[in-house]
Structure formats: C-alpha cells, structure tokens
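Hi,

Here is the model I said I would pass on. Have a look at it, and then read on for what I found.

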Amino acid sequence: MRFQAPRGTEDCLPGQSDRWIWLEGEFRALASLYGYKEIRTPTFEDTELFVRSSGETSDIVSKQMYSFQDKGERNITLKPEGTAPAIRALIEHNLCPQGSVCRLSYVTPIFRYERPQKGRLRESHQVGLELIGSPSARADAEIIEATVRFYERIGIDEVEVSLNSIGRDECRAAFRAAILKHMGGYLSGQPAEVQERAEKNPLRLLDSKDPDVQAALLGLPPITDFLESDSKERFKDLQRMLHEAGVKVRVAPDIVRGLDYYTETVFEVQSTRLGSQSALCGGGRYDNLVKELGGSATPAVGVAMGIERALIVLEDMQQGPGPHNPDAFIVIATPAAKETCHRLARELRTAGLVILMDYDDRSMKSQLKMADRESARFAVLIGDDELAKGVATVRTLASSEQREVPLAGLSQVLRGHS
RNA sequence: GCGGUUGUAGCUCAGGGGUUAGAGCGCCUGACUGUGGCUCAGGAGGCCGGCGGUUCAAGACCGCUCAGCCGCCCCA
C-alpha cells in the first residue's frame, strides 16, 4: 500500500520550508511593530462556535466544515477560520476588559471541505490580525494599512485594496429588502435553492458572477446609498485616512464577504496572478461578534491573509528569499584527517556556522561535488599536508580561489570577516 | 457540489493496440589515484496513478476509482 497526502492537503517540502519560515517571520515582525501579540488557539473547537460566528447560511458552515463527534460525543469542528477561536479565547480569558484595546495576531492552519484547486486547499494556512475594543475608523485604517505594509514587506507591492461598507444591521435590513424587491422578477423563475439562499442572505447575490444575476441587479443602487449617515461619514473618514497613508483603494460595492459577522467596513486584496482564487486576504469590522459569542458588546476589526496564496504570487513574481545555504562543506582529503575534520565541524557549528560534511567515505571528488550541489560557500579541505602544518585549505567555491588558513582563524575566515 | 482536462523515470515530457517503454535535465561511476562546475564515456533508476474489462495481444481502447489542474461556486 502506497499512501499519498489526503486530497487538498500539501506537504511543505524542504525546498519550500525556508520560504514559509521567512514569510511567517516577516508577518510576526510586522505584527509586532504595531503591537500585536500572537495568540495560538486549538486546532479544533466546539462546532457551535463557528455556527454562531460565521452564520448558519454561510458556505463555510453549511457545507465546508470538517465536523465530527469525538468519543465523548462532543461536536467538534476543525477550525475553518481564525477569528472565531481568537475571540472565543479573548472572552474566555478576559483579554480585553471593558474600555481597553487588545491586539492579537495569529498564524494558523484552517480546514475547509472544498473542491481543491490551485490556491484552494482543504488544509491551508493563514496569518491574521485582530484589533479588538476600538470603534474608530482609525482602527480599520490600521488593519488595512498593516495588511498593505505586510505585502510590501514581502515584495508584493502595488496592491490595491477593494473596500466597501455594509453598514450596521439596520441599513443591511433595508438593503436586503431593496434587493429582494428589485430582484423579485428574476428570482421567481429560479430554482428553490437559489430563492432560499437569496431569502436568507440577499447580499450574497451581489458578488455573483452569473451574468443573469448581474443583469437583474442592474439599476440597484449600491449598498452605500442605504448607509446611515454616521456610517457614511465613517466610511469617508476611513477612505481619507487610507489616502493619507498612501494606501491605494478601490471602492467596490460588490464585495460583501461570506461571513455573517461583518459590519461596516469590509475589504479584500486580490491578485491577478492567482487565477480563479483571486483573493490574497480578506477582512473587515465585526462589531457584533464578541457579544454574539457571549462577551460584552465590543467593537473589533481584523484581517486574514492566505499564506499559500501569498507564496503563489511571490513565486509567480520570482520574488522571495533563496534557500539557506551552508557556510562550508568540510572535505576529508585523506583518511588520516577524518577525526580532525569531525572535531572541526563540531567547533565550527558551536561557533554558529552551518557546516556540512560527508560521513560515508566518499572520494574527495565526490565530496566536492556534494559541496557544490549544496551551494556551500566554502570547501574546507584537510588532508595529510594540512594536518602536518596545522592549517586547512579553504576554497571559495564560486571563484575557485583557495588558500591555507590556520585552524585557529578558520571560523573568522568562514564568516567572511577577512 | 457542477462542468472540463491531465496522470508514463526524481523533474519536464515523447510514445495513440504488436518484441526488451524512450529523450532531455538530474543522480551514480570513470576519463581526472588531493579538487566541484565544463566536456566525453558508461551505469542505475518505471506496479505507464489504482482496480476491473475488451482483445491472441493494452502504457495506448472501455468502465469505475484516486489525484492534480482549469472554469463555475466560494473564498485564504
């Protein structure tokens, strides 16, 4: 029996892991610049947590969750997103007492049962930021700006943020009614399933790519026309702040997001390099969620960014760091030098250098070949001659220059300080 | 979940019913016995995704299945 990784999952292979580690490092560095503290929550949660937060009619809850009953008959779900668990923990541990502000970051796998495609996996990974406790448009601006700075930092520049406001509950109710009224003629001819969905969450009709749906939507005023005046004001403020921050924004009345917990600001960043799965990240304000999950009414705003998708874009742009290459490969030139070579490797590693060598008595030629293939910066050769003189022959692989270096000064030379 | 498409060596791909399945790159060995890359010569490496069927004969044709990819849906 030969096994393969389950459908929609990926192994992160040695050739890729440096890029992952780098990207997560860049994210953590950026998050800490803004004062975010990392939170790590369980891989699985009570199923009800996600039903409550994302909404019964959301795609995630209605068809994409990895849910099961454990041996204690608890209903468990592998987390399909990062916000709800973070907020659950925030409430459980009272991380954001009334009147305070709390900044959380996370790096997490997420699980969604979908038909896999490039950039769409059943297990994927996200990094995210949550700013809890501030109702200010400044908070929205911080999240969006930090998102853009993150992409700039890793080499994805010129990102454009698609921005919308869906207002508060009152406005959305009015808008829902308007959609249903406007679409009434179209909907009556549709399958029951479509009608039902439209009934439950008419907003989801807006981002449909179906030309018929789009045609039926023609003439419908944008949701921003339905915003309460303070929401309108707030949306304008946000745009002004982002403009001042040099963040490019496109107001996109069609983006509504798939999760029910969003209020007011919603946004996403897309890339044309991603094909059909075009969103790099998505986020927005969720002023009702903390209360919905049992906390006290607390405003919040956040973003979740897909790691795989960012890496796909970087790869397409041929950006990102190369692999970490060894500093030196120690070559055993004659059998007598073996022990000296192993001792030297120990010493150099202790000194913080990345050292490779052969353990299988390969020919010197083959050892040099290995050094070359591993892209070591130096080959350090020790044989009878070097033993006699108490030196090593240090060969710079790129230039083929070599010279003798006393063993005592070796780590300095390999560091490139001389 | 729907529609399409593709699975042959580590990688990229030829072969479209008929001996022992090929190429390029990569890998190993040697030419070069203490010097990598370049060149040349040799070598290793294949459940032709899996299961079943048609046939004298299947990598090829048919069915099912698994997986990747593209579009839809949705989104990270």
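Let's start with Glu264, which has its place in strand β9. Helices (H or I, at least four residues) and strands (E, at least two) are DSSP runs here, numbered from the N terminus. This is a predicted model, with pLDDT of at least 70 needed for local features and 80 or more for side-chain atom pairs to count, while totals for chains, interfaces and linings use all residues. Residues are numbered from 1 along each chain as its sequence is written, chains are lettered from A and ligands numbered from 1 in the order in which they are written, and side-chain values use heavy atoms, leaving out hydrogens and water.

Back to that residue. Glu264 is not a glycine, yet has a positive phi of about 55 degrees. For background, most residues other than glycine have a negative phi. Is Glu264 buried or exposed? Glu264 counts as buried, because its relative accessibility is 5%; buried means under 20% relative accessible area, exposed over 50%, and partly exposed in between, with a 1.4 Å probe and protein chains only.

Ser375 also has a positive phi of about 55 degrees without being a glycine. Ser375 is found in the loop between α13 (364-373) and β14 (378-382), and with a relative accessible area of 37% it is partly exposed.

Now the sheet around β9. Strand β9 (residues 263-270) pairs with β10 in the antiparallel sense over 6 bridges (two strands pair if DSSP finds at least two bridges between them). One of the links is Val269, whose bridge partner in β10 is Cys281. On to β10 itself (residues 279-285): 7 of its 7 residues are buried.

For β1, the pairing with β5 is parallel and runs over 2 bridges, with Leu104 of β5 as the bridge partner of Lys37.

A closer look at α1 (residues 14-33): its 20 residues should span 28 Å at 1.5 Å a residue, and the end C-alpha atoms are 29 Å apart, which agrees. The expected span is 1.5 Å times one less than the number of residues. Which residues of α1 are buried? They are Arg19, Trp20, Leu23, Glu24, Glu26, Phe27, Leu30 and Ala31. These residues cover an arc of only 155 degrees around the axis, which puts them on the same side of α1; the arc is that of the directions from the helix axis to the C-beta atoms. Their cover includes β5 (102-111), β6 (123-132), α5 (137-154), β11 and α11 (307-317), where contact means heavy atoms within 4.5 Å. Exposed Pro14, Ile21 and Leu33 are on the face turned away from the buried side. Just after α1, Gly35 has a positive phi of about 85 degrees.

There is also an open, antiparallel sheet of 3 strands, ordered β2-β4-β3. Its edge strands, β2 (44-46) and β3 (67-69), each pair on one side only. β2 pairs with strand β4 (residues 75-78) over 3 bridges, and Asp46 has Ile76 as its bridge partner in β4. Helix α2 (residues 47-54) lies across β2, β3 and β4, at about 75 degrees to β2.

How many disulfides does the structure hold? There are 0, counting a pair of cysteine sulfur atoms within 2.5 Å as one. Cys96, for example, is buried with a relative accessible area of 10%, but the closest cysteine sulfur, in Cys102, is 5.2 Å from its own, too far for a bond.

Cheers

How values were computed: Axes are lines fitted to C-alpha atoms, for helices over the stretch in contact, and angles run from 0 to 180 degrees between N-to-C directions.
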